[in-house]
Amino acid sequence: MAGDDVKGRRFGASFSRFAILALLPICYVVAISLLRGTAGPFWHWFSIDPNWRYLLDSLSLLDFVPPGNVDHPGTPIQWMGALTIKAMHPFAGATETTDLVLADPDHYLRAILSVFTVFVASAILLAGLVADRVFRSISLALLVQAGPFLSRVIIGNAIDVKPVPMLIATVLILLSLVMLAISDGMMGRRRDRFAVGFGVIAGFGVALKVTAAPIFVMPLFLLGRLRPILIYGVVSLLAFLLFVSPMISEMDRFFDWMLKVAMGSGAYGGGDATIINTDTYLASVYKLFSRPVMWAPLALSLGVLGWNWKRARSGRGTSRMAVRAVAGVVVAQFVSVLIIAKHPSAHYVVPVMVFSGFSLALALHVIGGWREADGKPAKPWSIFIWVLLAVLLASRVNSFPKLDRELTEKRTAAEAMDSGRFDQCLRVSTLFASSKAFAFSYGDYIAQGRFSERLNAILPKNDYWFVGFKNEFRNAAGEAD
């Protein structure tokens, strides 16, 4: 009976910790659902790109046609969209499924986004559970989970069908594997297995968005030896090729685009062929690091590395694997910013921002280990971490209402003009107009015009759009005079 009582208490404690760690994943699902509801239909100007290009490319894959958009490359978003649509109509043929999607595109975009949202929520929960096991601290586990909530940029970019939501999930899964690698001598016993796991995650992440590649230098600091590093590199490449396999026939376009972007000093390969714009580059680096979510965890991590060096010189104990992970985080952040500063868009640094909660938790975990080794009491440090977590979450409380207000204003502006009043007029849209006809035409344009015939049959004949960057006048059927 006494044994049963102990088991009962253990189960109750475990369930309580699980319930606490489930709170932020639930908050994420609720936040994305509410914000997407506020944003309204996906054909509003601020939602068209890239939702519609991914939707139509998902339809292409259902018909075993390679995607038209290969820039990011973003291929996992396309085949995950295709799998979601197929799961909704498992017995329908490609033609029937395409007709259903074109008749109600918003329904399917919301379904795909829901799948992404569940993936992210599951990754937040996984990261929390792993952190609780490794750090043995519910407060540090919550801090790791808080990463996706520490910037409005992260949540604001997670309400669309694009790489950002799945990049959030990928980073959290990567960090979960990192935490396992630094715990209880796990890396020493399973180094090659960790190399394979890191490689699969890296291949998937780079297939989502090439700009995420720098964060995957982090595992190099943990693997440490030539053999597992070689395994990591080979598996990363093979995983990348597997995840982008639907666009293998279009790889020449992808590499041409990458070369153009790499050589150009401006956005999307524009500007002089000097790789970076030396007049603005350093200012862009400073701008990216100026956000508290970027510089604060980085400063703490650098402080931990400096103090660890001092402790090592004085012969005091150091946390070897955990400090390696800290160094990996610092280098990954620096390399990411140095590359993204070439074209400093905030959504490109989302993966690095998601690192922030983990970066803080890892640094605090290392400091706590030093305090324990030095015989200092644990309670004051534990209280400090709880206070820090409370302050961080409290500072973000206003982010959701503010983002909700911004989306409300954008939706109001998008719906201000009733284009139905001009149904007998020639209507010409430009990038990016709030029009379902334009959204379809733009998405099809990026998809290499593969749906022009079907769209021409269902869209109004008086809807056209002007492609300013190519000086073309088009409608659903293609280029017009």
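**Working through the model**

Modeller: Let's start with Thr408, which lies in helix H20 (residues 399-414). Helices (H or I, at least four residues) and strands (E, at least two) are DSSP runs, numbered from the N terminus. This is a predicted model: local features need pLDDT of at least 70, side-chain atom pairs count only at pLDDT 80 or more, and totals for chains, interfaces and linings use all residues. Residues are numbered from 1 along each chain as its sequence is written, and side-chain values use heavy atoms, with hydrogens and water left out.

Colleague: Is Thr408 buried, partly exposed or exposed, and why?

Modeller: Thr408 is partly exposed, because its relative accessible area is 36%. Buried means under 20%, exposed over 50%, and partly exposed is in between (1.4 Å probe, protein chains only).

Colleague: New topic. How many cavities of 30 Å³ or more are there?

Modeller: Two. A cavity is a set of points, on a 1 Å grid over the protein atoms alone, where a 1.4 Å probe fits but cannot get out; lining residues have an atom within 4 Å of a point. Grid points are joined across faces, edges and corners, and a volume is the space filled by probe spheres set on the points.

Colleague: What volume does the largest cavity have?

Modeller: About 100 Å³. Of its 15 lining residues, the closest to the centre are Ala437, Ser441, Asp463, Tyr464 and Ala476.

Colleague: Which helix and strands each supply at least two residues of that lining?

Modeller: Helix H21 (436-446), strand E2 (463-467) and strand E3 (472-475). By class, the lining has seven nonpolar, five polar and three charged residues. Here Ala, Val, Leu, Ile, Met, Phe, Trp, Tyr, Cys and Pro count as nonpolar, Asp, Glu, Lys and Arg as charged, and the others, Gly among them, as polar.

Colleague: And the second largest cavity, what volume?

Modeller: About 60 Å³. Its lining includes Ser441, Trp465, Arg474 and Ala476.

Colleague: Which element gives the most to that lining?

Modeller: H21, with three residues. H21, helix H22 (452-458) and E3 each supply at least two. The classes are four nonpolar, five polar and two charged.

Colleague: Last one. Where is Leu238?

Modeller: Leu238 sits in helix H13 (residues 226-243). Leu238 is exposed, because its relative accessible area is 52%.

Notes: On a 1 Å grid over the protein atoms alone, a cavity is a set of points where a 1.4 Å probe fits but cannot get out, and a pocket is an open set with protein on both sides within 12 Å along at least five of seven lines; lining residues have an atom within 4 Å of a point.
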